[in-house]
Amino acid sequence: SRIEGWLQKKTDKYTAPDMQNELLKTMALQVLRHVVQSIHSAPFFTIMVDETTDVSNKEQVVVCIRWVDTKLESHEEFIGLYQVDCTEASTLVATILDVLKRMNISISKLRGQCYDGASAMSGSLRGVAVQLQKEEPRAVYTHCYGHSLNLACNDAVKNCKIMRDALDTSYELIKLVKKSPRCDAMLHKLKEQMPEDSPGIRVLCPTRWTVRVQALQSILANYEVLQVLWEESLNVVKDTEMRSRIHGVSVCMISFNFFFGISL
C-alpha cells in the first residue's frame with residue numbers, strides 16, 4: 001500500500017515526533033477554521049463552558065459553542081481545552097473573550113450562556129454570567145440541564161439509605177483497587193481466568209451520573225472475582241488500616257442491601 005511504501009522510505013518520512021505534532025496541529029486548525037465558518041453563518045450563538053482539573057493537576061477550561069443553522073437544526077461544536085492558572089471568574093471571562101476574539105466572533109451575537117452552578121460561573125455579583133452580561137445584556141444564563149439532573153439524582157440517592165450506603169461502599173471499593181498497585185495487579189491475574197469480554201473496574205465519578213452507572217455495572221460484572229480478591233488481599237496485606245478497609249468492604253459486599261442498591 002501507499003502507507004507501507006512511505007514508511008519504507010529512507011528519508012522524508014515525516015515520522016519524527018515534532019513533525020507529527022506539527023501535522024496534527026495543522027489538521028486541528030483546519031477543522032477549527034471550518035467550524036468557525038459555520039458559526040459565522042449563524043445570526044446568534046450560545047457558549048457553554050466548564051472547568052476541571054486534569055490528571056496532571058492543571059486547571060483546564062473546555063469551551064463549546066451551540067448554534068442553529070438556516071434549517072433550524074442545532075449544532076454543538078467543541079472549540080478546545082484551555083489551560084488556566086486558576087478558575088476565578090475574571091480569569092474565565094478573559095479566557096472566553098480571548099477565544100471569541102481569536103475566532104473573530106462578535107460577542108454582540110451571544111444570546112445564551114450555559115454553565116454549572118458553581119459560584120465562579122453563576123455568582124450574582126461577580127460570576128462569569130454577570131460579567132459577560134455587562135458586555136452583552138441579551139446573553140441569558142441557563143444552569144446546565146445535565147448538571148441540574150445530576151444534582152437532583154444525587155439528592156434523591158442521599159435520601160435513600162440503601163443506595164447511599166451502596167454508593168459509599170462502591171467508592172471505597174474502587175479506591176482500594178485503583179489506588180493500590182498490588183490489588184490492581186492481583187485483580188488482573190484473577191481476571192485472566194474470566195471471559196475476555198469481562199469489563200474492568202471503572203472509576204466512580206462523583207459528578208457524572210452516566211459514568212457512575214458504568215462503574216456500578218463493572219462491579220456487578222466482577223462481583224465474584226472481587227470476593228476472591230479480598231480473600232487473597234487479606235493474606236498478603238500487613239498494614240492494619242488497609243486490612244480493616246478491605247475487611248469492611250468485603251463484609252458490606254456480601255450483604256443483600258449492597259447488591260440490591262447497586263442493582264437499582
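Visitor: Is Y115 buried or exposed?
Guide: Y115 is buried, at a relative accessible area of 1%; buried means under 20%, exposed over 50% and partly exposed in between, with a 1.4 Å probe and protein chains only. This is a predicted model, where local features need pLDDT of at least 70, side-chain atom pairs count only at pLDDT 80 or more, and totals for chains, interfaces and linings use all residues. Residues are numbered from 1 along each chain as its sequence is written, and side-chain values use heavy atoms, leaving out hydrogens and water.

Visitor: And what about Y141?
Guide: Y141 counts as partly exposed, at 25% relative accessibility.

Visitor: How many aromatic pairs are there in the whole structure?
Guide: The search finds 4 aromatic pairs. Rings of Phe, Tyr and Trp (its six-membered ring) pair if their centres lie within 6.5 Å; planes under 30 degrees apart are stacked, over 60 edge-to-face, and the rest tilted. Y115 and Y141 form a stacked pair, 5.9 Å centre to centre with 25 degrees between the planes. That pair links distant parts of the chain, 26 residues apart: Y115 sits in strand β4 and Y141 in strand β5. Strands (E, at least two residues) and helices (H or I, at least four) are DSSP runs numbered from the N terminus.

Visitor: How far apart are the ring centres of F256 and F260?
Guide: Their centres are 5.5 Å apart and the planes are at 15 degrees, so F256 and F260 are stacked. Both lie in helix α12, 4 residues apart, about one turn of the helix.

Visitor: Is F256 buried or exposed?
Guide: F256 is exposed, at 60%, while F260 is partly exposed at 37%.
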